[in-house]
Amino acid sequence: MNKILLVLFVLCAAMVSAQTTEMLRLHEVVGMAQMRSPAYLRSKTTYENNYWRYKNFRAGMLPELRAFGTVPNFNRSIERITLPDGTDAFVDRSLATSAATLSLNQQVPWTGGQFSFISSLQRIDLLGNQANTSFLGTPFSISYNQDNIFYNRFRWERQTEPLRFQEAERAFAEELEEIAIQASSLYFELLLAENNYQLALTNLANTDTLFRISQGRYQLGKIAENDLLQIELSLLNARNRVAETQLDLELRQQEIKRYLNLNQRENIVLEVPSQVRFFEVKPDQALDQARANRRAVLEFRRRRIEAEQMVAQSKGDNRAQVGVSANFGLTQRGTTLGSVYANPQDQRNVALTMSIPLINWGVTRSRIRMAEANRELVEVNVQQDEINFEQELLLQVMRFNMLRDQLLVAAKADTIAQKRFDVTKERYLIGKISITDLNLSVQEKDLARQAYINTLRSYWQLYYLLRRLTLYDFAAQKPLARPEVKF
């Protein structure tokens with residue numbers, strides 16, 4: 001028997017030593033969540049996608065240098081050709097062609113067209129009995145092309161794409177504060193579970209002591225059997241409560257460790273955040289900071305611009321479309337490479353294309369009216385979203401300002417309930433009150449403690465919520481620092 005107990009003791013000691021315990025504070029948990037949680041990784045990836053999208057847009061506005069080449073292209077076939085006398089004949093052809101082109105393209109955002117600077121060289125080698133070589137070169141050529149002079153998508157993209165990227169930056173900052181809200185929620189859920197477990201252990205110890213004392217008092221005839229049975233029932237309930245709170249504590253431990261990517265074998269102990277800074281948030285200041293920092297403000301502006309863009313595109317695509325293209329360059333042909341660049345001839349080309357719908361049974365007008373109706377709908381929705389935006393912020397500011405008094409009351413109630421329990425317990429031990437009064441004081445003590453922790457939870461969640469709604473730290477009186485991301 002002793003050997004069995006010794007083995008069990010060694011196993012328990014090994015399990016305890018293998019499990020480390022770490023004390024964490026609220027700001028540490030929030031910081032860890034904002035750097036390693038799955039929610040952070042998702043937010044970072046979304047921000048990275050938007051970052052490279054904006055980089056791609058900016059790069060598209062810069063000159064592009066591109067080279068093309070075919071070296072060589074050999075072809076042997078029988079083809080139909082037209083002879084000098086106008087007749088057609090099938091002849092054997094055997095030739096090799098080579099071509100190289102260097103182009104520099106530049107978008108013109110002010111008009112919507114594209115400038116191209118081109119230099120090219122072509123070579124044809126006829127093979128067989130009549131073998132010869134010829135060259136065609138274009139040392140310099142500049143061209144301009146624009147499909148529709150009445151609609152310029154670059155003009156609109158230069159307004160919407162920077163806004164979209166700024167939205168992504170602010171959205172990432174807001175999501176970090178959302179992570180802080182979730183982390184604080186998990187923190188206080190675990191803290192409440194720890195508190196309930198400790199209360200259950202304390203109540204079990206107190207109830208066990210009271211039961212032993214009550215047994216002695218019952219044997220002396222100082223209390224009735226009913227009181228002894230009631231205290232024994234309380235002892236059984238206390239044991240069940242310990243088992244329930246221990247299970248809940250383990251579940252809360254696993255939840256927060258998964259969220260923080262911590263080792264599941266690591267035991268976490270939390271500290272009650274007793275240092276609370278009380279400050280008043282002024283509604284006007286909160287609104288000003290929200291309008292200056294929130295993503296939603298940029299989103300409202302972008303949605304209005306995109307609605308205007310749809311109207312402009314409908315008018316440009318569904319009415320008369322006029323395109324323009326122009327080209328000027330130098331070209332020459334010859335039998336040697338040097339002759340291509342001697343005395344080049346100029347080449348010119350100007351074209352104006354038009355597409356005018358004459359009869360389309362009102363399709364053009366209906367598409368334009370649809371775009372205009374959508375613009376009006378967007379404006380109504382944006383105005384309503386702006387109202388909801390302000391109402392939500394003002395409501396949360398009011399709730400936060402009310403929490404100061406609630407937190408002070410909850411802290412005082414917790415202290416009073418603990419003192420009342422201590423007094424009630426002493427009075428029960430000397431036989432001044434019944435077990436019912438003692439149980440009532442235990443319940444009030446536990447409820448007061450839970451209420452205090454829940455009020456702390458509301459305070460910190462509202463604190464982080466106001467940070468998310470305004471991207472402003474009212475405790476430090478400064479905007480939140482822009483999050484740094486390394487790709």
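This is a predicted model: local features need pLDDT of at least 70, side-chain atom pairs count only at pLDDT 80 or more; totals for chains, interfaces and linings use all residues.
Leaving aside its neighbours within four places in sequence, with which residues is leucine 480 in contact? Residues are numbered from 1 along each chain as its sequence is written, and side-chain values use heavy atoms, with hydrogens and water left out.

**View 1. Leucine 480 and its contacts.** Leucine 480 sits in the segment after strand 10 (478–479). Helices (H or I, at least four residues) and strands (E, at least two) are DSSP runs, numbered from the N terminus. Apart from neighbours within four places in sequence, leucine 480 touches Glu177, Arg467, Leu471, Tyr472 and Asp473. Contact means heavy atoms within 4.5 Å. Leucine 199 is 281 residues away along the chain, and the two C-alpha atoms are separated by 39 Å.

**View 2. Helix 2 packs with helix 4.** Helix 2 covers residues 26–36 and helix 4 covers residues 153–219. Their angle is about 130°, and their axes are 9 Å apart. Axes are lines fitted to C-alpha atoms, for helices over the stretch in contact, and angles run from 0 to 180 degrees between N-to-C directions. The two helices are therefore oblique to each other. Angles under 35 degrees count as roughly parallel, over 145 as roughly antiparallel, 65 to 115 as roughly perpendicular and the rest as oblique. The crossing is right-handed. A crossing is left-handed if the near helix is turned anticlockwise from the far one by less than a right angle, and right-handed if clockwise. Helix 2 contributes Leu26, Val29, Val30, Ala33 and Gln34 to the contact. Helix 4 contributes Leu176, Glu177, Ile179, Ala180, Ala183, Ser184, Tyr187 and Phe188. Ten of these contact residues are nonpolar, two polar and one charged.

**View 3. Helix 4 packs with helix 9.** Here the angle is about 20°, with the axes 11 Å apart. Helix 4 and helix 9 are therefore roughly parallel to each other. Their crossing is left-handed. From helix 4 come Asn206, Leu210, Ile213, Ser214 and Arg217. From helix 9 come Phe421, Lys425, Tyr428 and Leu429. This contact divides into five nonpolar, two polar and two charged residues.

View 4. A salt bridge is a side-chain nitrogen of Lys or Arg within 4 Å of a carboxyl oxygen of Asp or Glu. By this rule, the count is 33. Arginine 303 meets glutamate 299 at 3.8 Å, N to O. Glutamate 306 meets arginine 302 at 3.1 Å, N to O. Glutamate 306 is partly exposed, at 22% relative accessible area. Arginine 302 is buried, at 11%. Buried means under 20% relative accessible area, exposed over 50%, partly exposed in between (1.4 Å probe, protein chains only). A network of salt bridges links Arg53, Glu161, Arg164, Glu167, Arg302 and Glu306.

View 5. Arginine 420 pairs with glutamate 444, and their closest N and O atoms are 2.8 Å apart. Arginine 420 is partly exposed, at 37% relative accessible area. Glutamate 444 is also partly exposed, at 35%.

Key. Ala, Val, Leu, Ile, Met, Phe, Trp, Tyr, Cys and Pro count as nonpolar, Asp, Glu, Lys and Arg as charged, and the others, Gly among them, as polar.
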